[in-house]
Amino acid sequence: MNYRKPHRGRSAFELAVTVIPFAILWALSWAAVHYGFWWGLLLIIPAAGFLLRLFMIQHDCGHGSFFAHRHSDDWTGRVIGVLTLTPYDYWRRAHALHHASAGNLDERGVGDITTLTVTEYRALSRWGRLGYRLYRHPAIMFGVGPAWLFIFKQRLPFGMMRSGAQPWVSTMATNFAIALLAAILIWFVGVIPFLMVHLPIVVLAGAAGIWLFYVQHQFEETHWSQGTEWKFQEAALHGSSHYDLPLVLRWLTGNIGIHHVHHLSSRVPYYRLPEVLRDYPELSNVGRITILQSLRCVKLVLWDEGRRRLISFREARSLA
């Protein structure tokens, strides 16, 4: 069976059952603010879940796997990018670099979470170590980080400013569309209600997205190598986790937890990834981590080249 072939009717259905509930939840959250039913702001949480799911659809569009039609995928991704505050063409290029180099110690730095080896960390100055510790602190990574990334950093094509016109065009066009949509919504609902509703949704969805991206590659038995040792298939299967989530979270996250299969073949639509595990059950236990196990991944911050695994700052001190 060709898992990479999407069902276009299914893709359209997946888009509809994500966009429509998101719009309804956003409107109900605004109504809660407008009429003073503050308990209604709890609807921001599921709204953030649907915005996260929209990002997963945008992600599939970037791989050309959602409709398997480049024009349809690109324009669907660009429109969604206005809602997720993510310039599509710029992000697509950075993400492609991530897929081409994931697990390669020689190719770190674009589209991934900065990870130092123990040797590199020890070579830093005192201020350099403090900066890295702050960067990897959970409050920064999953608290300040999402707001910085989605609200501020992605307004300019950092990392690709000298890569031609496309990253700039993508970023500036997305910024303009975001500003236009925000102005229209503010005109109808007011600036304070808009900020009270939309900013928390974006930050919560961003935090969840960064958490998912983190545990997909930052787990104890992940795979890193360099030079001629690096092999794409090995890095894909063993450098990416199978984040085994409950059914509802699997749906909201677009099965992105089946990340090892996704890295092995990124053209498989997200709604067909479970088919791969069903037909090849031996893949289910490769890199498998549960929610409880994933919570312990936060302390893993340095790559130990000797033991070939991620370790904590405390373990690094004991090695010294």
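Helix 4 and helix 9 (191–217) each supply at least two residues to the lining of the largest cavity, helices being DSSP runs of H or I with at least four residues, numbered from the N terminus. Welcome to a predicted model, in which local features need pLDDT of at least 70, side-chain atom pairs count only at pLDDT 80 or more, and totals for chains, interfaces and linings use all residues. Residues are numbered from 1 along each chain as its sequence is written, and side-chain values use heavy atoms, leaving out hydrogens and water.

**Cavities**
- The whole structure holds 2 cavities of 30 Å³ or more; a cavity is a set of points on a 1 Å grid over the protein atoms alone where a 1.4 Å probe fits but cannot get out, and lining residues have an atom within 4 Å of a point.
- The largest cavity has a volume of about 130 Å³, a volume being the space filled by probe spheres set on the points, which are joined across faces, edges and corners.
- Its lining counts 17 residues, with His98, Gly103, Asp112, His217 and Trp224 nearest the centre.
- Helix 9 gives the most to this lining of the largest cavity, namely 3 residues.
- The second largest cavity, of about 30 Å³, has a lining that includes His59, Asp60 and Tyr270.

**Serine 101**
- Serine 101 sits in helix 4 (residues 88–101).
- Serine 101 counts as buried because its relative accessibility is 12%, where buried means under 20% relative accessible area (1.4 Å probe, protein chains only).
- Leaving aside residues up to four places away in sequence, serine 101 touches Glu107 and Trp230, with contact meaning heavy atoms within 4.5 Å.

Note on methods:
Buried < 20%, exposed > 50% of the residue type's maximum accessible area, 1.4 Å probe, protein only. 1 Å grid on protein atoms, 1.4 Å probe; cavity = no way out; pocket = protein on both sides within 12 Å on 5 of 7 lines; lining within 4 Å.
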